[in-house]
Amino acid sequence: MRGARERGFPADPFSRLVRHMSRLDELPADQKAVLQLLLKQGKSYAELGGLLRIDERAVRERALDALENLGADAPSGLNAARQDEVGDYLLGQQSAAEADTTRTFLQGSAAGRAWARAISGQLEPVARDPLPAVPDEPPEGAA
């Protein structure tokens, strides 16, 4: 993990998993369950809604509320709609065209990249598949 030692976090995978699981464990039960099912089963909001017998909008709301709670200490600087867009991106809930649009936004938004990295770092240890990439910082002087 880039910079883990610099922030005082242990670099070994087990320690990172324990630290992230503790943060996930602090979520309300409904948010934690939805987030874990999305990450571990790779289902869409609609599929998970059918499985849980709740509306897909309720699944999305719980998932995005969970991300907001996980990122409470992370600097955001994003409005709610952008934060939700980035959350959908990280959870793999966007079409290819939507994901391209979000990646383009992240390329030009330092605040978006910072928030996405903070959230991604907490989701990675429990995700079955790799999460969508957060673009690197543009080279200095690039517009």
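Buried means under 20% relative accessible area, exposed over 50%, and partly exposed in between, with a 1.4 Å probe and protein chains only. This is a predicted model, in which local features need pLDDT of at least 70, side-chain atom pairs count only at pLDDT 80 or more, and totals for chains, interfaces and linings use all residues. Residues are numbered from 1 along each chain as its sequence is written, and side-chain values use heavy atoms, without hydrogens and water.

Q: Is Ser120 buried or exposed?
A: Ser120 lies in helix H7, helices being DSSP runs of H or I with at least four residues, numbered from the N terminus. Its relative accessibility is 6%. Because this value is under 20%, Ser120 counts as buried.

Q: Which residues is Ser120 in contact with, leaving aside its neighbours within four places in sequence?
A: Contact means heavy atoms within 4.5 Å. With those neighbours left aside, the residues in contact with Ser120 are Leu90 and Leu131.

Q: How are H2 and H3 oriented to each other?
A: Helix H2 (residues 29-41) and helix H3 (residues 45-52) pack with their axes 11 Å apart and at an angle of about 120°. Axes are lines fitted to C-alpha atoms over the stretch in contact, and angles run from 0 to 180 degrees between N-to-C directions. Angles under 35 degrees count as roughly parallel, over 145 as roughly antiparallel, 65 to 115 as roughly perpendicular and the rest as oblique. H2 and H3 are therefore oblique.

Q: What is the relative accessible area of Gln122?
A: Gln122 lies in helix H7 (residues 110-123). Gln122 is buried, and its relative accessible area is 9%.

Definitions and conventions. Helix = DSSP H or I, 4+ residues; strand = E, 2+ residues; numbered from the N terminus.
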